Amino acid sequence: MYRIVPSGAAINGEYAYFSARDYNALLRTNLHTYNTEYLCKFERETCNERIHIKAFSHEDDVWFIPLYGEHIAKYNIKNNNLKYFKLDIGRHSSASIKECSIFDDGNDEEYSPTFLYANLIDDERIFMVPAALNNLIVL
């Protein structure tokens, strides 16, 4: 039996969806029965530990914000699939709050974000504290 410690977790319906701290795994726990099941691996991630720092639930999606991972991941609970995103940050003053957009990433060789913290602003925006930049990022 494995000891699974959650890293980034979010509640959606009767389940808690989470990234495992010490493994590359997306899991969910039923909040009524406490049964935990493996859903999938984060295939585009090269690291295997502490991939995500935070998770958020919005409608049928659970979003995972990376800590040591390279991608923002969106898991759709109805379709049981993952989609990956990288940030398009553009050029801004290092003292400003950056407004960012995300795009579907077909190339793993570009900018790889690593964040120290993230939180919801409202139903449509997240702010993130990047480890390598002197800015907050609003997504």
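Start by colouring the chain by pLDDT, the predictor's confidence in each residue, from 0 to 100. The protein averages 82, and 78% of its residues reach 70 or more. Select residues 90-96: here the pLDDT is below 50, and beyond near neighbours in sequence the stretch has eight contacts in the model, a contact being heavy atoms within 4.5 Å. Then try residues 108-113, where pLDDT also stays under 50 and the model has 16 contacts beyond four places in sequence.

Some ground rules before moving on. This is a predicted model, in which local features need pLDDT of at least 70 and side-chain atom pairs count only at pLDDT 80 or more, while totals for chains, interfaces and linings use all residues. Residues are numbered from 1 along each chain as its sequence is written, and side-chain values use heavy atoms, with hydrogens and water left out.

Now switch to cartoon. You'll find zero helices and 13 strands. Both kinds of element are DSSP runs numbered from the N terminus: helices are H or I with at least four residues, strands are E with at least two. Of the 139 residues, 42% count as buried; that label means under 20% relative accessible area, with exposed over 50% and partly exposed in between (1.4 Å probe, protein chains only). Among contacts with a separation of 6 or more, 36% come from residues 24 or more positions apart.

Next, select β1 to β4. These four strands make an open, antiparallel sheet in the order β1-β2-β3-β4; two strands pair if DSSP finds at least two bridges between them. β1 (6-12) and β4 are the edges, each with a single partner strand, so one side of each has no neighbour in the sheet. On average, neighbouring strands are turned by 25° against each other, direction ignored, using axes that are lines fitted to C-alpha atoms (for helices over the stretch in contact) and angles from 0 to 180 degrees between N-to-C directions. Zoom in on β2 and β3 (residues 26-30), which pair in the antiparallel sense over five bridges. Ala16 stands opposite Thr29 in β3.

How many aromatic pairs does the structure hold? There are five, where rings of Phe, Tyr and Trp (its six-membered ring) pair if their centres lie within 6.5 Å; planes under 30 degrees apart count as stacked, over 60 as edge-to-face and the rest as tilted. Pick Tyr17 and Tyr75, a tilted pair at 5.9 Å centre to centre with 40° between the planes. Tyr17 is in strand β2 (residues 15-20) and Tyr75 in strand β7 (residues 72-76), so the pair ties together parts 58 residues apart in sequence. Tyr17 is buried at 2% relative accessibility, and Tyr75 is buried with 2% as well.

Move to Phe42 and Phe64: their centres are 5.6 Å apart and their planes at 75°, so this pair is edge-to-face. Phe42 sits in the loop between β4 (36-40) and β5 (52-58), and Phe64 in strand β6 (residues 61-66), 22 residues apart. Phe42 is buried at 0%, and Phe64 is buried at 0% too.

Last stop: Leu116, in strand β11 (residues 115-120). Leu116 touches Ile53, Val129, Pro130 and Ala131, not counting residues up to four places away in sequence. Its C-alpha is 9.3 Å from that of Lys54, 62 residues away along the chain.
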